Amino acid sequence: MPAPVLNGERLEVVRVRERFPDAIIKVKEFRGDTFICIKREALREVALFLRDDPELEYKFFSECTCVDYSKWKHERDLPERFEIIYNLYSLKYYSRIFLKAGADDGVPVPSLIPVYPGAEYPEREIWDLFGVQFEGHPKLKRFLLPDDWAGHPLRKEYPLGGEDVDFAKGVKGPAVEDISMPHAGESFEGKTGSEDVSGR
Amino acid sequence: MPERTFMPSTETVFEKKGENTLVLNMGPQHPSTHGVLRVVLELEGETIVDLDCQIGYLHTGMEKEGEYQQYSKCVTMTDRMDYLSTNGNNLAYTLAVEKLLDIEIPPRCDALRVMLTELSRITSHCVWLGTHALDLGAMTPFFWIFREREKILDMFEMFTGVRMMCSWIVPGGLRGDMPDGFEAKLRKFLKEFPDALHEIEILLVKNPIWIERTRHVGVISAEDALALGCGGPIARASGVEWDLRKTNPYSGYEKYDFLIPVGKHGDVYDRFLVRIAEMKESCKILEQVIDGLPEGAWTSTDRKVVPPPREELDSSMESLIHHFKLWTEGYHPPVGEAYACIEGPKGELGFYLVSDGSNMPYRFHERPSSFMNLQALRQMCIGRLIADVVAVIGSIDIVLGEIDR
């Protein structure tokens, strides 16, 4: 079933614009998906409206996720560093809509738990991995990572595998140059059927 | 560096609310938690007052890793997420990349993809049925259903060379065509499987112990299930007639004739019935796929995404360049974001990708169905007895690889 369209625009966008004329920052269409960028403060009201409006019935909370745009070089939808993307699904039209809200460090986003209780786990995961605060979330504690973890690994500045390794006696291991390589310099010719690949 | 506390005690992770209550730790090494789920329960007598799920024991940072891999190399990581329905994960990821790239897929490829995913759905439900029954004390179904699952894994081995982590569905098509002799093997399986399933089904469906343990246990209403983000069999067992294969068809599902099993009560027993019926419907789809398998190409011919066949490399300079470029640099989807989802065995399984125009995803995210479904555990268990937790966890059908990623 195709998503409902009114005057060349998605019905959801029309309805939200009617009800909250100031809330929408931008509407983006890409590959058939509609993303509504809304102001952070209006997030909970818009979600509640989408859920309860008898013409829309966005009752299924699919998920929410976050993107860190700090190293993005192209045109942006929202000025803030993080974008939270809410993925909602209507069982009336079997259509999907994405809400986007921006967030910065220390600027909390209103939690959607009062509207969709299913937001609890994904919001907690976003806090764990991105460090975005959610106002009204009862349990913003480490979730996927150990309790004493430092930092938020899905941020772009966080290195991949840049973690110190504990050794039993409190000393760091030897530097890579000092480790003896048993086969270093040895020719592999004739062993693999390829050219000499020694020194890799 | 301070000493790491890898397993914090129950007091540090759980704040109890009642006065005369007991806090009990269950897992992460508990056989009924299907992997490494840790549940902290607050009990009054044997009744559950509150519970909390502690996860993350299997967290390997796949979403971070995905940002450092070319698009074609992320496919193997998706296998390791929901390791019981690997082809489903490959398909969801592939559909998301193809949505970004905006390429056409030939009909034979779509049909073979449907075939692999439906076989995956059956294997996933086989493991669920076996372990769920085992948790509740029925040993026989476990052995019998694993014998059937073994046949599907043998078929995967014949098709892809790998029993579980196939990675056969890739952006642009498949890694290879259906091998000779596969059709006969599949037809034999489709002839035998419904009888084998029926044998296991009659062990449980009217079994008084089974009914006693599952009926009216772990009830969730349709409204609650949807608000909690539980799709798939859980929502259907509560009476929601919704299946993405019907409502938002992908890969040519609209061509196949099958039914959506829907339950009424939303309890453990209904979820059991829904999944059994789903396996039968999957067999129906598989029969239609194999009967109407279209001839023709099994991958896209877009040389920017799909490597050229080996024989072309000897005769065509252009093919050699494409081959080299593809395996060293990969492809560059246009700037944008895309979400594609399929009806996985555990509910909606989607991938959200953000492309910045480079050959690696800017953001690689899975919509994990088990992760969202796990949220329902608390609501299903409060007020029930401790033994029901085991039944409910089994009926949610969680895979920790997908929850923790």
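How many aromatic pairs are there over all chains? In this predicted model, the count comes to 29. One of them brings together Tyr93(B) and Phe364(B), whose ring centres are 5.7 Å apart; their planes meet at 75 degrees, over the 60 needed, so the pair goes down as edge-to-face. It's a link between distant parts of the chain: Tyr93(B) belongs to helix α4 (residues 86-101) of chain B, while Phe364(B) sits in strand β8 (residues 363-367) of chain B, 271 residues apart. Both ends are tucked away, with Tyr93(B) buried at a relative accessible area of 0% and Phe364(B) buried at 0% as well.

Tyr253(B) and Tyr256(B) make another edge-to-face pair, with 6.3 Å from centre to centre and 80 degrees between the planes.

Elsewhere, Trp128(B), Trp210(B), Tyr269(B) and Phe272(B) gather into one aromatic cluster. Trp128(B) from this cluster also has Arg275(B) lying over its face, at 5.0 Å from the ring centre.

Turning to the strands, chain B has an open, antiparallel sheet of three, ordered β1-β2-β3. Its edges are β1 (22-26) and β3 (47-54) of chain B, each pairing on one side only, and the twist from one strand to the next averages 20 degrees. Seven bridges join β2 (residues 38-44) of chain B to β3(B) in the antiparallel sense; Leu41(B) has Leu51(B) in β3(B) as its bridge partner.

Key
Residues are numbered from 1 along each chain as its sequence is written. Chains are lettered from A and ligands numbered from 1 in the order in which they are written. This is a predicted model: local features need pLDDT of at least 70, side-chain atom pairs count only at pLDDT 80 or more; totals for chains, interfaces and linings use all residues. Side-chain values use heavy atoms; hydrogens and water are left out. Two strands pair if DSSP finds at least two bridges between them. Helices (H or I, at least four residues) and strands (E, at least two) are DSSP runs, numbered from the N terminus. Axes are lines fitted to C-alpha atoms, for helices over the stretch in contact, and angles run from 0 to 180 degrees between N-to-C directions. Rings of Phe, Tyr and Trp (its six-membered ring) pair if their centres lie within 6.5 Å; planes under 30 degrees apart count as stacked, over 60 as edge-to-face and the rest as tilted. Buried means under 20% relative accessible area, exposed over 50%, partly exposed in between (1.4 Å probe, protein chains only). A charge sits over a ring if NZ of Lys or CZ of Arg is within 6 Å of the ring centre and within 35 degrees of the ring normal.
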